[in-house]
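Please keep the structure open beside them as you read.

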Amino acid sequence: MRKITCLFLIFILVFSFVSCGSGKEEVFDLDLNLDATFDADFQGAEFIIIGEQRDGRIEIDPYREFEDSEWQERLKNRYEEIESKYNLKFVFKTKTLDLIAAHAGGMKWADLYDARSDGHWPNINAGLYNSLTDVPGFVEGIENGKWGSVAAVEYFKRGDAYYGFYPGYHGIPFPAMGGVLYANLELVGQYGFRPYEMIEDGSWTWEGFENILKTIGGSPKDLSNNIPVGMYITDSFYEYFQTAAILNNGGSLVKKDNEGRFVSNFDSKEVKEALEWCRSLLANGIVEVGQNDIKYDYFLEDLLGFVYEYSYVGTVDTTGFMYNDVDFAILPCPAGPSAEYGNWSSYLGLADRYLTAPITADMEIVNTILAELYAPLGDDPFEWREVYANRNFLHEESADLYWQMYDNAQPDYYLATQKFQWSSVIRGTTTVAAAIESTAENIQAELDRSFNSFNNK
């Protein structure tokens, strides 16, 4: 702890208070804080947080993140308390200058950077981020969820170094994950289906889901004629639905071998079963391929039963389902035959958000304030989940399922798994076995380059 003392000022004041000619005593009513102290004095330094914008707001900025609420006030107070305690100033910016250029020019860029995974990966591989492993309280807080789900933090681990996190006690930036199913409860209810009840009675399975889709029927071509459609596979991001099916069949895209290396798991029973099932939905005419960018409008018009997407689409986006007149549920992908029923999961991928400490960060400040900055905002560390749920879910059941999926979410190792022939498999232009064989070498090479190579440094 460093005291700020003003001895020089005292001497000046003492001599100034003495009247040399009048003989009169001057009385000054001064409230001088001569013993002002800070836990650490950073002398008014700017602590810069860069956040990517969505719909005109910076996700990480507590002054703009939420509507007026008690939670927003807590966030504001947290920043103001730390500013006062350590004599620093938080500054929130959007990305205007490239990190590489700033670093090369010896310029300050940011102390914390909030962005999607795919925005971070090249910087990690280029050595442009500081490790968070030695930040006081970081490693200790991983298991209890302070920095987000354990899997989320592990996704940004390279060798023994951790490079990214969610602020798990705040919910800012929002927890995102892929492969979520949105159900239009108004439409599916008209056909006699109650997804929440199906999940409870054990019928939320591949067979039960197929029954819904067959009953509603319809083709993407019918939507413009106001004919309801159960679901269609979009003409982009084929892997979203397939990955969710794999995870909810008890599988994973990547695993660790006996030496601790990440290796492909596509050749496993659980993965093959899920890929074959997704393929059969198209082959048997249960679903068809349709345009990606029209699904939201028809879902909002009660014409589309199910949409699979990233979780933020229906929740925090101001144009999402939560901000429109539609009764929707957030659900996991149905359980496959190899799954432990009720162990719902989703995945972390390229659109998930993380905070990192760029190479330009003042690590003395990061080390000093990070654990405190993301300490609980209330008595319960996970009270923020209730606040988040109230803002983003219409039903308590959706919130419960969401947190189960989030806590069980697995990384998809997208840098490597994007090399799999997702489109060809689901469209039936290649077999599952052929796709696995033809892409195995490329997937493993990318796992080695982007993940395993760090284990040898």
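1. Let me start with Asn452. Its side chain makes a polar contact of 2.7 Å with the side chain of Asp448. A polar atom of the Asn452 side chain also lies 2.8 Å from the backbone nitrogen of Phe262. To find Asn452, look in the segment after helix H17 (432-450).

2. Is Asn452 buried or exposed? With a relative accessible area of 5%, under the 20% cut-off, Asn452 counts as buried. Setting aside neighbours within four places in sequence, the residues in contact with Asn452 are Arg261, Phe262, Gln444 and Leu447.

3. You will find Tyr413 in the loop between strand E19 (410-411) and helix H15 (414-417). Although Tyr413 sits in a loop, this residue is buried, with a relative accessible area of 8%. Beyond four places in sequence, Tyr413 is in contact with Tyr155, Val254, Phe262, Leu447 and Phe451. Phe262 and Leu447 are on this list, and both of them are also in contact with Asn452. The C-alpha atoms of Tyr413 and Gly349 are separated by 6.9 Å, and these two residues are 64 apart along the chain.

4. Before going further, a word on confidence. This is a predicted model. The mean pLDDT of the chain is 86, and 86% of the residues reach 70 or more. Where should you be careful? Over residues 1-35, pLDDT stays under 50. The model has 21 contacts beyond four places in sequence for that stretch. Where pLDDT is low, the predicted coordinates should not be read in detail. I would ask you to keep that in mind when looking at residues 1-35, where pLDDT is under 50.

5. Now the chain as a whole. How many helices and strands does the chain have? There are 17 helices and 19 strands. Of the 457 residues, 54% count as buried. The accessible surface comes to about 20,200 Å², and carbon and sulfur atoms account for 47% of that surface. Taking contacts between residues at least 6 apart in sequence, 78% join residues at least 24 apart.

6. As background, strands of a sheet pair through backbone hydrogen bonds, either parallel or antiparallel.

7. In which sense do E3 and E6 pair, parallel or antiparallel? Six bridges join E3 and E6, and the sense is parallel. Within the sheet, Glu46 stands opposite Lys89 in E6.

8. Another open sheet has three strands, ordered E15-E10-E16, with antiparallel pairing. Strand E15 (306-309) and strand E16 (328-331) are the edge strands, and each pairs on one side only. From one strand to the next, the twist averages 25°. Strand E10 (residues 180-184) pairs with E15 in the antiparallel sense over four bridges. Here Tyr182 stands opposite Val307 in E15.

9. Phi of Gln43 is near 55°, a positive value in a residue other than glycine. Gln43 belongs to the loop between strand E2 (37-38) and strand E3 (45-51). At 67% relative accessibility, Gln43 counts as exposed because its value is over 50%.

10. The other is Asn226, which has a positive phi of about 60° although it is not a glycine. Where is Asn226 in the chain? This residue lies in the loop between helix H8 (206-216) and strand E11 (233-234). Asn226 is exposed, with a relative accessible area of 55%. By contrast, Asn452 from my opening points is buried, with a relative accessible area of 5%.

Conventions
Residues are numbered from 1 along each chain as its sequence is written. This is a predicted model: local features need pLDDT of at least 70, side-chain atom pairs count only at pLDDT 80 or more; totals for chains, interfaces and linings use all residues. Side-chain values use heavy atoms; hydrogens and water are left out. Helices (H or I, at least four residues) and strands (E, at least two) are DSSP runs, numbered from the N terminus. Buried means under 20% relative accessible area, exposed over 50%, partly exposed in between (1.4 Å probe, protein chains only). Contact means heavy atoms within 4.5 Å. Accessible areas come from the Shrake-Rupley method with a 1.4 Å probe; for residues, only the protein chains shown count as cover. A polar contact is a pair of N or O atoms within 3.5 Å; within protein, one must be able to donate a hydrogen and the other to accept it, and residues adjacent in sequence count only if both atoms are side-chain atoms. Two strands pair if DSSP finds at least two bridges between them. Axes are lines fitted to C-alpha atoms, for helices over the stretch in contact, and angles run from 0 to 180 degrees between N-to-C directions. pLDDT is the predictor's confidence in each residue, from 0 to 100.
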